[in-house]
Amino acid sequence: MTARLVVLVSGSGSNLQALIDGCADPAYGAKVVAVGADRDGIAGLERARRAEVPTFYARVADFETRAAWDERLTELVAEHDPDLVISAGFLKLVGPAFLAKFGGRYVNTHNALLPSFPGIHGPRDALAYGVKITGATLFIVDEGVDTGAIIAQVAVPVLEDDTEDSLTERIKVVERAQLVEHVGRMAREGWTVQGRKVTIP
Ligand code: GRF
C-alpha cells in the first residue's frame, strides 16, 4: 500500500520538494496527494502545482475565529484522506479540531535540537546562546509549541564564522534528508508512540 501524504507549507517548500522527489521512486512507499498552505502566492504551492499535486489554502484572516480556521483546515486536509500529515515549514499552530482528527500522525520538522530553541528562530536562538552543536528534529505534533514526541534528530556543528543564514542553510540540508528518510520508513513500516517514545519497527 502506498501511504497518502498531505504536506502543509508556508514558505519556500524545499522540504516539500525533497518529499515530492523521494516519492518519485515507487519503492519509497508514499505519495504526496495534496499540499496545503496558510497563504497563497508562495513558492511551496508553486512547487506542488509544477508537480501536478492538488493544492489548497486557508488564511486565518479570512475566518471569524481561529477555531473556525482550524476546523476548515481540518476539513480541507481530511478531503485527501491522508495517512500522514507533514508540516514542512508550516508556520501556524493547529488547534483542537485538527489534532482530534490527525493527532499521532501529524509530524513537523524543526531546525534545532529540541527541547532547545523551539519557535520560529531556531538557528538564530542557537547562535545567540553559543551552542557548539545544533541540528534538526522530526517530531509528532501535540498541543504545545515544538513539544511533541521525537521521531529523529540529526546534529549539525556550529562553525566559528557561522551567520544565521549559513547555519540555517546547513541545517536545512540534513533536515531534508532526515525528513525524507523517516517519513519513508513510517510509510513503509508504520510506527508506534508510547508516552514520549516513538518507534519505527
Ligand atoms: C525548515 O528549516 C523548518 O525547520 C522551518 O522552516 C524551514 C522550512 O523550509 N520551520 P522550506 O519551506 O521547507 O524550504
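**Salt bridges in a predicted model**

Modeller: Asp38, Arg39 and Lys92 are joined in a network of salt bridges. Bear in mind that this is a predicted model.

Biologist: How far apart are the closest N and O atoms of aspartate 38 and lysine 92?

Modeller: They are 2.8 Å apart.

Biologist: Aspartate 38, buried or exposed?

Modeller: Buried, because its relative accessible area is 4% and the cut-off is under 20%. Lysine 92 is partly exposed, at 23%.

Biologist: OK, whole structure now. How many salt bridges does a search find?

Modeller: The search finds 8. One of them joins the side chains of arginine 124 and glutamate 164, at 3.3 Å from N to O.

Biologist: Where do arginine 124 and glutamate 164 sit?

Modeller: Arginine 124 is in helix H5 (residues 122–129), and glutamate 164 is in helix H6 (residues 164–189).

Biologist: What are the relative accessible areas of arginine 124 and glutamate 164?

Modeller: Arginine 124 has 40%. Glutamate 164 has 30%. Both count as partly exposed.

Biologist: And which residue does arginine 59 meet in a salt bridge?

Modeller: Aspartate 62, at 2.9 Å from N to O. Arginine 59 is partly exposed at 38% relative accessibility. Aspartate 62 is partly exposed too, at 48%.

Definitions and conventions: Residues numbered from 1 in each chain as written. Predicted model: local features only at pLDDT ≥ 70, side-chain atom pairs only at ≥ 80, totals over all residues. Heavy atoms only, no water. Salt bridge = Lys/Arg side-chain N within 4 Å of Asp/Glu carboxyl O. Buried < 20%, exposed > 50% of the residue type's maximum accessible area, 1.4 Å probe, protein only. Helix = DSSP H or I, 4+ residues; strand = E, 2+ residues; numbered from the N terminus.
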